[in-house]
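Please have the model open while you read this note.

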Amino acid sequence: MFKYILRRLLIMIPVLIGLTIVVFLLVNVLPGDTARIIAGDYADEATVQSIREAYGLDKPIHIQYINYIKDLLHGDFGRSYHSRRDIATEIANVYPKTIQLALATEVVGVVVGVLLGMIAAVRRGSLVDRGVTAFGVLGLSIPQFWFALILQLLFAVTLQWLPPSGYGGGFDRYIILPALTLGIPSAGMMARVSRSAFLEVLPQNYIRTARAKGLKERLIIWRHTLKNAMIPILSLIGTDMSRLITGTMIAESVFSWPGIGKYGYDALFYKDMPALQATVLILAVTICGINLIVDILYGLVDPRVRVSQKGGQA
C-alpha cells in the first residue's frame, strides 16, 4: 500500500506542473490590462507603467511563469488587487469554511442516499422503489439557486426556524440550509448509484450462501452486501466531494457563506487575477488529493483492489 501511495504521489507531480501552466496561461490570456486594473480607471500612463514594472508584468510570459512558480514554492500567492491583503492568508481563512460545508453536505447525501438506495434495491419493483427513483430524478433536476431560495422562504421567513444566511462558526444552525441545498441533489444521485450497486451484489452466490446458512437478512445487507457495494459508492463520494468543493459558488453566494466559492466569485467579479489564479489552483490540487484518498479507500474496503495495487496494476 505504501508503494502504491508513493507511486500515485509521484504521478501527481507532472499533473500539478501541468495545472500550474494551464492556470497561469488561462488567467493571463483574459482580456484587460492587469496593471490598469490595479491602478484604477483614472490613473495616468506613468502610474500604470510603474505598476507594470513593480509587478513584473513587463517581462516575457515565460519569465513571469518562472517567477510565479518560485513564489508558489514559498507559499506566496501574491496580494489581492481588490483587498490589498495577502492571498494565502485570505484563502487560509475561507477554505476551511468550504470544507465544512462540503463535509456536512456529504453526510446528508451519503446517509440519505445510501439508505434510500438500499431500501429500493431490497424492495425492487415496489412502490417504494419507484418513489426512490423519482426522488433521485427530482433531486438532480431541481435548479440549485431556486431550491436555495425556496428553503430560505420556508424555513427562515415563514417558519423562522433557521437563519436565512450568514456564518456562525461551523457546524451549527447556519450550515443547515446550505447543506440541504447541496445535499438533496447529492442524495438523489447517491440513491440511484447505491440502488444499482446493491442490485448487482444481491444476486451473487455468496449472498445466497449466507441466506442458506440462515443468517438474518439485516445482517446480510449490512455486513456482506453493503461492503461489496462500496466501490461504486466510494467513486461517487469522491466525485461528489470534488463537485461540492468546486461548485459551491451559487450556494455560498445565496447564503452569504464565506467560503472559497464565494471568494472565487468575488475575485472574478472584481477582475482580481492573482486571487482567481490561486483559487483555481487550490481547487485543482484539492481534486487531485480527493482522487488519491478515494483510491486508497478502495484498497481498504476491497481486498481484491489491494492485491491489484501490490501487483502494480491499479
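**Notes on the predicted model**

1. The side chains of Asp266 and Lys262 meet in a salt bridge, at 3.3 Å from N to O. A salt bridge here is a side-chain nitrogen of Lys or Arg within 4 Å of a carboxyl oxygen of Asp or Glu. Asp266 and Lys262 sit 4 residues apart in helix 13 (residues 260–269), which means about one helical turn separates them. An α-helix has 3.6 residues a turn, so residues three or four places apart point the same way. Asp266 is partly exposed at 25% relative accessibility. Lys262 is also partly exposed, at 25%. The cut-offs are: buried under 20% relative accessible area, exposed over 50%, partly exposed in between, with a 1.4 Å probe and protein chains only.

2. Basis of the values. This is a predicted model: local features need pLDDT of at least 70, side-chain atom pairs count only at pLDDT 80 or more, and totals for chains, interfaces and linings use all residues. Residues are numbered from 1 along each chain as its sequence is written, and side-chain values use heavy atoms, with hydrogens and water left out.

3. How many salt bridges does the structure hold? There are 3. Arg85 pairs with Glu90, with the closest N and O atoms 3.3 Å apart. Glu90 is buried, at 11% relative accessible area. Asp129 pairs with Arg195, and here the closest N and O atoms are 2.6 Å apart. Asp129 lies in helix 6 (residues 127–141) and Arg195 in helix 8, so this pair ties together parts that are 66 residues apart in sequence. Asp129 is buried, with a relative accessible area of 5%.

4. Overall make-up. The chain has 15 helices and 0 strands. Both are DSSP runs numbered from the N terminus: helices are H or I with at least four residues, strands are E with at least two. The C-alpha trace spans about 85 × 60 × 30 Å along its principal axes. Of the 314 residues, 39% count as buried. Among contacts with a separation of 6 or more, 72% join residues 24 or more positions apart. Contact means heavy atoms within 4.5 Å.

5. Surface. The accessible surface of the chain comes to about 17,200 Å², and 66% of that belongs to carbon and sulfur atoms. Areas come from the Shrake-Rupley method with a 1.4 Å probe; for residues, only the protein chains shown count as cover. A nonpolar patch is formed by Phe2, Leu6, Leu10, Ile13, Ile17, Ile21, Leu25 and Ile61, with about 750 Å² of accessible area together. Patches take residues with over 30% relative accessible area and no salt bridge; like charges are joined within 9 Å, nonpolar side chains (Val, Leu, Ile, Met, Phe, Trp, Tyr) within 5 Å. Helix 1 (residues 2–28) gives the most to the patch, with 7 residues. Ile17 lies in helix 1. Ile17 is partly exposed, at 46% relative accessible area.

6. Aromatic pairs. The count comes to 5. The rings of Phe24 and Tyr65 have centres 5.4 Å apart and planes at 65°, so the pair is edge-to-face. Phe24 lies in helix 1 and Tyr65 in helix 4 (residues 61–73), so the pair ties together parts 41 residues apart in sequence. Phe24 and Tyr65 are buried. Tyr167 and Trp257 also form an edge-to-face pair, 4.8 Å centre to centre with 80° between the planes. Tyr167 is in the loop between helix 7 and helix 8, and Trp257 in the loop between helix 12 and helix 13, 90 residues apart. Tyr167 is partly exposed, at 27%, whereas Trp257 is buried, at 0%. Phe24, Tyr65 and Tyr68 form one aromatic cluster. Rings of Phe, Tyr and Trp (its six-membered ring) pair if their centres lie within 6.5 Å; planes under 30 degrees apart are stacked, over 60 edge-to-face, the rest tilted.

7. Helix 7 (residues 144–158). Its 15 residues should span 21 Å at 1.5 Å a residue, and the end C-alpha atoms are 20 Å apart, which agrees. The expected span is 1.5 Å times one less than the number of residues. Phe147, Ala148, Leu151, Gln152, Phe155 and Ala156 are buried in helix 7. Their cover includes helix 8 (176–201) and helix 12 (249–254). Gln160 follows helix 7 and has a positive phi, near 55°.
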